[in-house]
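Please read the points below with both at hand.

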Amino acid sequence: MAYDVYSVRGLYTTLSEGWTYLNAHATPQVPERVAVGVARAFRNATSVSTGPTGSHSQRQHAGRLEGDVYIENARGAVADLLGVRADRVVLGSSLPVLYQSLARAMEPMLARPGTSVVLSGLDAPEVSAPFSGLVDDTRWALPDLATGELPAFQYKDLVDGHTRFVALSAAHDLLGTVAPVSEIVEHVRSRSRAWTLVDVSSIAMYRPIVADDWDCNILAIDLAQIGGPQLAALVFRDTAMFKRIAPISPTQDCDTYAKLESPFSAGLAGGVGPAVDHVARLGSVAAGSRRKRVQQSMAELDVYMARLTNQMYTFLGTLPAAHIVGVTGEAAAGSTADRLPRLSFAVHGVPAATVHQRLFDNGLVTTIAPNTPLLENMGVGEIGGAVTISAAPFNTEADIAHLTRVVASLA
């Protein structure tokens with residue numbers, strides 16, 4: 001069945017205020033069921049769980065706090081979202097916190113002389129910073145400054161037998177460029193035994209994800225990017241990997257996800273299950289397991305988002321004064337980069353702040369692109385900055401048309 005965007009819009013109470021939100025990359029809207037789930041969890045997290053009925057269940061839940069149940073359910077929800085077992089899921093308060101914990105836990109693995117780590121210049125600093133100082137030999141995969149693509153062939157030279165860790169993002173959060181993850185992982189596998197970490201946060205709300213299909217060792221996801229609470233997760237390929245890392249707390253010496261977890265809000269954890277339930281509700285399938293419904297919903301959403309992506313690039317690309325970073329210009333001509341429904345653009349002769357304000361005055365919520373090293377090297381600073389837009393599951397073709405009209409009025 002076709003994706004019903006107007007039914008999806010009814011799942012977000014904030015859309016009734018009249019604003020057109022095109023800022024999913026920065027501040028995703030929170031579905032009503034997630035807000036309700038978090039509020040309930042904060043009220044009940046410190047109370048004792050009554051648990052299921054029955055003598056065995058009563059013994060199992062005796063003295064257990066509701067907050068612990070919320071955390072357990074959150075782990076299961078992430079497992080359903082990504083198609084894995086719950087015992088492979090590590091939860092945390094944010095990805096930077098989890099990355100810091102992972103970097104610390106991997107220190108024994110990286111202690112050998114000559115060990116190298118390969119990071120990506122396409123990534124946001126918070127992805128690469130925790131791992132950049134792990135070893136003396138840190139190597140960088142560099143993006144194409146004309147298109148924002150991450151060429152996979154360079155990993156043939158960057159990765160060798162001394163490489164123990166490779167990290168990259170599946171897509172750029174501001175340019176929408178999708179990295180050739182499968183090809184990169186294949187190069188890594190052929191040349192080393194390195195662990196590969198792929199951050200799927202930017203792509204998770206647009207395309208179906210089956211963790212094991214990515215063939216990497218660790219998947220990372222910011223759950224806020226799917227409309228969930230501000231929590232994050234790492235998903236390991238196999239629980240045997242926990243044996244190779246050191247615990248971040250001396251009290252956690254068992255070879256489980258607990259090795260990497262530090263305290264986080266049980267109240268926020270109560271919103272993870274509703275967030276995954278929300279994803280499962282986006283599609284037309286109302287029966288079956290949550291995992292099955294997630295897969296069907298994301299398959300339908302993928303088709304719809306592909307259409308929105310085409311309209312975003314086509315409509316803005318037809319405006320002579322609009323410059324889409326990584327797309328417009330001779331250097332980017334002929335690019336076949338895979339892209340998400342998000343991009344950064346500028347209007348010739350108009351500062352980004354002015355463009356942003358005009359959009360806001362017309363009810364369009366966007367962001368001014370931050371001055372990252374990549375965008376600076378791509379010349380964004382020289383053209384007066386850029387504005388970033390990104391679509392969410394509730395955005396419509398009318399939203400893109402409205403955006404195009406307002407941008408055209410600036411030319």
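1. The model is predicted: local features need pLDDT of at least 70 and side-chain atom pairs count only at pLDDT 80 or more, while totals for chains, interfaces and linings use all residues. Residues are numbered from 1 along each chain as its sequence is written, and side-chain values use heavy atoms, with hydrogens and water left out.

2. A nonpolar core is here a set of buried Ala, Val, Leu, Ile, Met, Phe, Trp, Tyr and Cys residues joined through side-chain atoms within 4.5 Å; buried means under 20% relative accessible area (1.4 Å probe, protein chains only). The largest such core has 111 residues, of which Tyr-155, Trp-214 and Phe-345 touch the most other members. Helix 11 (residues 290-317) supplies the largest share of this core, nine residues. Helices (H or I, at least four residues) and strands (E, at least two) are DSSP runs, numbered from the N terminus. Another core, of 29 residues, lies apart and includes Met-109, Leu-234, Phe-236 and Met-241.

3. Beyond its neighbours within four places in sequence, Trp-214 is in contact (heavy atoms within 4.5 Å) with residues including Ala-170, Val-181, Val-200 and Leu-219.

4. Strand 6 (residues 195-199) has five of its five residues buried. Trp-195, Leu-197 and Asp-199 lie on one side, and Thr-196 and Val-198 on the other. Strand 5 (residues 163-169) pairs with strand 6 in the parallel sense over five bridges; pairing requires that DSSP find at least two bridges between the strands. Strand 6 also runs parallel to strand 7 (residues 218-222), joined by three bridges. Asp-199 is the bridge partner of Ser-169, and Ala-220 in strand 7 is the bridge partner of Asp-199.

5. In helix 14 (residues 397-408), the buried residues are Asp-399, Ile-400, Leu-403, Thr-404, Val-406 and Val-407. Seen down the helix axis, these fall within an arc of 165°, so they line one face of helix 14; the arc is that of the directions from the helix axis to the C-beta atoms. An α-helix has 3.6 residues a turn, so residues three or four places apart point the same way.

6. Ala-322 belongs to strand 9 (residues 322-324) and counts as buried because its relative accessibility is 6%. Leaving aside neighbours within four places in sequence, Ala-322 is in contact with Leu-316, Thr-328, Ala-346 and His-348. The C-alpha atoms of Ala-322 and Ala-269 are separated by 42 Å, the two residues being 53 residues apart along the chain.

Technical notes: Buried means under 20% relative accessible area, exposed over 50%, partly exposed in between (1.4 Å probe, protein chains only).
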